[in-house]
Amino acid sequence: MGSKNVVVFEDFFPAMVEKLGAEGFMKELSNGFRLLVDGDKGVITFESLKNKSALLGLKEMSDEEATCMLREGDLDGDGALNEMEFCTLMLRLSPELMNHSRKLLVEAIVNF
């Protein structure tokens with residue numbers, strides 16, 4: 001990732017929020033979760049992440065990177081990511097969104 005031409009997927013999140021609004025953006029994150037979920041277990045497991053990561057352009061994801069992603073997002077300690085953990089992790093990976101998170105929270109509450 002040392003190349004200046006590499007764009008990381010979370011760099012697009014602020015533009016997505018601006019275009020889709022908070023509710024639409026959360027629906028898109030949920031769609032991303034559904035792409036990666038283990039259909040039998042209902043959560044993102046190491047195996048489902050490794051097997052389906054190419055769908056998100058992450059075909060070169062190493063075992064260590066997949067393990068780190070799961071560990072970083074796993075708030076309940078079960079070794080997998082449920083939908084809320086996945087969405088939370090994706091938001092945390094976007095520094096620009098974190099800077100505007102209060103605005104997003106207010107918008108989501110108003111639209112709820």
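Reader: Okay, what is the secondary structure of the chain?
Author: The chain has six helices and zero strands. Reading along the sequence gives the pattern α-α-α-α-α-α.

Reader: And where is the confidence lowest and highest?
Author: Helix α5 (residues 95-99) is where confidence is lowest, with a mean of 59, while α2 is highest at 93. Over the chain the average pLDDT is 80, and 77% of the residues score at least 70.

Reader: What should I do with the low parts?
Author: Where pLDDT is low, the predicted coordinates should not be read in detail.

Reader: Got it. How much of the chain is buried?
Author: Of its 112 residues, 32% count as buried. The chain exposes about 7,600 Å², and 56% of that comes from carbon and sulfur atoms.

Reader: Let's go inside, then. How many residues does the largest nonpolar core have?
Author: That core has 18 residues. Those with the most contacts inside it are L29, I44, L49, M69, L81, F86 and M90.

Reader: Which elements give two or more residues to it?
Author: Those are α1, α3 and α4. The largest share, six residues, comes from α1.

Reader: Pick one for me. Is M90 buried or exposed?
Author: M90 counts as buried because its relative accessibility is 4%, under the 20% cut-off. This residue is found in helix α4. The C-alpha atoms of M90 and L29 are 7.8 Å apart, although the two residues are separated by 61 residues along the chain.

Reader: Nice. Now, how many aromatic pairs are there?
Author: The count comes to one aromatic pair. The partners are F33 and F86, and the pair is tilted, with 6.0 Å centre to centre and 50 degrees between the planes.

Reader: Why does that pair tie together parts that are 53 residues apart in sequence?
Author: Because F33 lies in helix α1 and F86 in helix α4, the pair ties together those parts.

Reader: Are those two buried or exposed?
Author: F33 counts as buried at 6% relative accessibility, and F86 is buried too, with a relative accessible area of 3%.

Reader: What about a serine, say S30? Which residues is it in contact with, leaving aside neighbours within four places in sequence?
Author: S30 is in contact with E83 and C87. S30 is found in helix α1 and is buried, with a relative accessible area of 14%.

Reader: Switching topic: how many salt bridges does a search of the whole structure find?
Author: It finds three salt bridges. As background, side chains of opposite charge can pair when their charged atoms come close.

Reader: Can we go through them? Where do E23 and K27 lie?
Author: Both lie in helix α1 (residues 13-36), four residues apart, which is about one turn of the helix. E23 is partly exposed, with a relative accessible area of 43%.

Reader: And the one with K50?
Author: The side chain of K50 meets that of D63 in a salt bridge, at 3.1 Å from N to O. This pair links distant parts of the chain, with K50 in helix α2 (residues 46-52) and D63 in helix α3 (residues 63-73), 13 residues apart. K50 counts as partly exposed at 26% relative accessibility, and D63 does at 45%.

Reader: One to go! What does E72 form a salt bridge with?
Author: The partner of E72 is R92, and their closest N and O atoms are 2.3 Å apart. This pair also links distant parts of the chain: E72 is in helix α3 and R92 in helix α4 (residues 83-92), 20 residues apart.

Reader: Are E72 and R92 buried, exposed or in between?
Author: E72 counts as partly exposed at 42% relative accessibility. R92 is partly exposed as well, with a relative accessible area of 36%.

Conventions
Residues numbered from 1 in each chain as written. Heavy atoms only, no water. Salt bridge = Lys/Arg side-chain N within 4 Å of Asp/Glu carboxyl O. Buried < 20%, exposed > 50% of the residue type's maximum accessible area, 1.4 Å probe, protein only. Core = buried A, V, L, I, M, F, W, Y, C linked by side-chain atoms within 4.5 Å. pLDDT = per-residue confidence, 0-100. Areas by Shrake-Rupley, 256 points an atom, 1.4 Å probe, with all protein chains shown as cover. Phe/Tyr/Trp six-rings, centres within 6.5 Å; stacked < 30°, edge-to-face > 60°. Contact = heavy atoms within 4.5 Å.
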